[in-house]
Amino acid sequence: MSFAERILSAVWLSAATLLFAASLWVPDVSVRVFLDNASWTLAFGLSAFWAWRGWVQAPPTDRALHAGLLAFALLVAVGQMVWNVQVALDWNPFPAPADLFFLAGGPLWAATVIRATFARLSRDRAYPAALDFGGAVLALLAFTLVIYLPSGGVGSAAVGTVLVLYPAGFLTAAGVTALAIPTVGVRVARSHLLVLMGLLGYGLSWMQWNLMVISSTVEPGVWFNASFSLSALALGWGARWLRFEMSVDADYRRQCDRAMNYVPLVSMTLAAITLVLLFVAPDGRAGVQALILVCCLLVLLLAALRQTIVVSLLNRLRTAEAAVLRNEEQLYRVAHFDALTGLPNRRYFEDALERAVAEAARDTQGTNRRVALLLIDLDHFKSVNETYGHRVGDALLSEVAQRITQLLAGQGLVSRLANDQFTVMLLRPASRTELAQLAASLVEGLGRPWELSEVGAQYMGASLGISLYPDDSANSVELVRHAHSALHATKSAGRGSYRFYIEEFTQITRSRLELRRRLHSALQGGEFTLVYQPQLNQQRHTVGAEALLRWSVDGKAVPPDEFIPLAEESGLIVPMGLWVFDTACRQVAQWRAEGWQVPVVSVNVSTIQLREPGFTKTLLGVTERAGVEPADLVLEITESQLLDESLYAIALDLKNAGFALSIDDFGTGHSSLIKLKRLPVGELKIDKVFVRDIVVDVNDREICATINALARTLGLSVVAEGVETEEQLQLLIKMGCERFQGWLFAPALPPEQLARQWLQRQSTSRTTV
């Protein structure tokens, strides 16, 4: 509260207090009437001012509530002004125009609270709450009427209506406010109590005032008259600080729910007491008695409906509980067993492994407290899913689970860890030799052909990684991690085998993780460079160049066969490949701008890039921006990638767009002549593994000769890469090979050095090296 507001409130409150105190001592009746009305006017005005300040500073969630309180206070203040005019005119009927304003405040505030309360309740809680509100308010109203209304006649229907509306309006507002707090779990504060005191004070004061008016006992300048001012000040001060925030304390919310469960019982008890008082009271209020009786009956009806809902809810809960109990075993299986294979799932496996390791750790006196973990990964399972669909893949996984179980013959716990990964946990294995024999039998058994009804016999092996507690690991988490390291080492060595964990595997894995982490920022950090290795013809003239990506970490070069697979696994190969293509295109344009005659430049493309939507359009956009033609670039795609039927369409699109296509690492895949004939390529690159031993290995010579002959038959050019000696070059020339690439001529060079040594100026004749 600001300093100005404090001063204004103090002066205002002091003035109202002084006026009331003066009314107690002034002997003149007319002056006392004036002082009473002046005191009320100031108190009601101060109450409206405080309510307005509360509305201004209220958070958005409470703004509607404060607006209701402000409207309530303003209606009372306006009613007092109308009352002042009536007193000045010496016109004081009952009911009077001022009553309209006084009576409107209670229902307005009650409606505001109900709206705010039910907006915070879910539908299943709203119905019982509505019955609780209705029953409690009707019980309170009936009890109030039976003890409040005079036993004799009230003169007219208008007088009786006003007499009923005063307690109905103010006490309903008070009751609704009190019930709203536990209904939504509002933490009770002093502001809530002040608002309740103000509402109750208003209701009781006006009830007594109306009775005094009827009996003509109203007297100015008495202590009773202060009750109106005190009620107004309590409500206004509460409105100044009111907050309607729901508590997050679970215990408090449960206490509120328990309190609300007693509301129907209290309402029924109050209605019963009211009925007793109604029938023992004097006669003379037939209409009012009927009203009170109807209220009590409605209370009983609402309580019965409320209990019906509770009973229905309890029945549903009992039914649900019975269903849960009946299906407990099924739910346990759903949570702990794999739906496809019926094996224990990851959750069951991790719990069992943790228990086994903990038990082994406690058994410090045992001679054999080892826990062995075998991690099994199916080789090339992804290709089965991609080729034949997930339905066939699921059938294969079910067969794998059965075969592993049969091969183990009751040894250990078999689980399905992930898609195509299975685990075997063994307690107290006899020796590593026994584990090796078991692993070998698993590898052999899983390597046998799989007879699938829809696709026939399929061959698919498995790789295993083995770790032991406490030999290799200190806990269950390390045991799993080390088994993964051993599995990765097995797969890196060629798959279809098994390995035990050793520390070296962990270091390799950590190095890969660090490289993966550094790779994410390498492109933005400008850590990549492109170098170019020239391609020469038989006369050793430059006829092409291959763009090769290089990466250095902390000044140390990272081999491409280490970071390229990481880039493909993480998806970074897409932006990296686009950078390589863009850089190569801009380099071609720069060489030409500097006056060099530039042959075609080869760029390697990954399968992941080929599967990107709009790949061809993206490459065309890059060439257009760089100012080069698609024909200036050769896209090298590995043979194994082009075997995928789904890539034929994109390869054809690239060819039609003007790009030349080359099959990289030819001879390492499994191309058929039919597939090779269909491929829209113009060049084959003989893999360096065949060129390396061509001088001493007859088989390699035959392979290279066959590739050259096949290329001539299909009208394709051939590039031999990895040429390192003059003997290799001469043999390849005799076979008919026309283009060569390798260290015999030059390693991969920076673009400036390549231009100086291997490119020809446009205005001069070509030089050779």
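Which hand does the crossing of α2 and α3 have, left or right? Hi everyone, let's start there. The crossing of α2 and α3 is left-handed. Please keep in mind throughout that we are looking at a predicted model.

Helix α2 covers residues 29–57 and helix α3 covers residues 63–88. Their axes come within 8 Å of each other, and the crossing angle is roughly 160 degrees. Angles over 145 degrees count as roughly antiparallel, so α2 is roughly antiparallel to α3. What kinds of residues make up the contact of α2 with α3? There are 18 nonpolar residues, seven polar ones and one charged one.

Now for a second pair of helices, α6 and α7. Helix α6 runs through residues 157–184, and helix α7 through residues 190–214. Here the axes come within 9 Å and cross at roughly 165 degrees. That angle makes α6 roughly antiparallel to α7. As for the hand, α6 passes α7 in a left-handed crossing.

The closest cysteine sulfur to the one in Cys-704 belongs to Cys-737, and the two sulfurs are 8.4 Å apart. A disulfide needs the sulfur atoms within 2.5 Å, so this pair is too far apart for a bond. Is Cys-704 buried or exposed? Its relative accessible area is 0%, so Cys-704 is buried. Cys-256 counts as buried too, at 6% relative accessibility.

Next, a polar side chain. Gln-533 is in strand β8, which spans residues 528–537. With a relative accessibility of 9%, Gln-533 counts as buried. What lies 3.1 Å from a polar atom of the Gln-533 side chain? That would be the backbone oxygen of Ala-746.

Last stop: Leu-479, in helix α17, residues 476–492. Leu-479 is buried, and its relative accessible area is 0%. In sequence they are 342 residues apart, and from C-alpha to C-alpha they are 67 Å apart in space.

To go back to where we began: α2 and α3 cross with a left hand, and α6 and α7 also make a left-handed crossing.

Notes
Residues are numbered from 1 along each chain as its sequence is written. This is a predicted model: local features need pLDDT of at least 70, side-chain atom pairs count only at pLDDT 80 or more; totals for chains, interfaces and linings use all residues. Side-chain values use heavy atoms; hydrogens and water are left out. Axes are lines fitted to C-alpha atoms, for helices over the stretch in contact, and angles run from 0 to 180 degrees between N-to-C directions. Helices (H or I, at least four residues) and strands (E, at least two) are DSSP runs, numbered from the N terminus. Angles under 35 degrees count as roughly parallel, over 145 as roughly antiparallel, 65 to 115 as roughly perpendicular and the rest as oblique. A crossing is left-handed if the near helix is turned anticlockwise from the far one by less than a right angle, and right-handed if clockwise. Ala, Val, Leu, Ile, Met, Phe, Trp, Tyr, Cys and Pro count as nonpolar, Asp, Glu, Lys and Arg as charged, and the others, Gly among them, as polar. Buried means under 20% relative accessible area, exposed over 50%, partly exposed in between (1.4 Å probe, protein chains only). A polar contact is a pair of N or O atoms within 3.5 Å; within protein, one must be able to donate a hydrogen and the other to accept it, and residues adjacent in sequence count only if both atoms are side-chain atoms.
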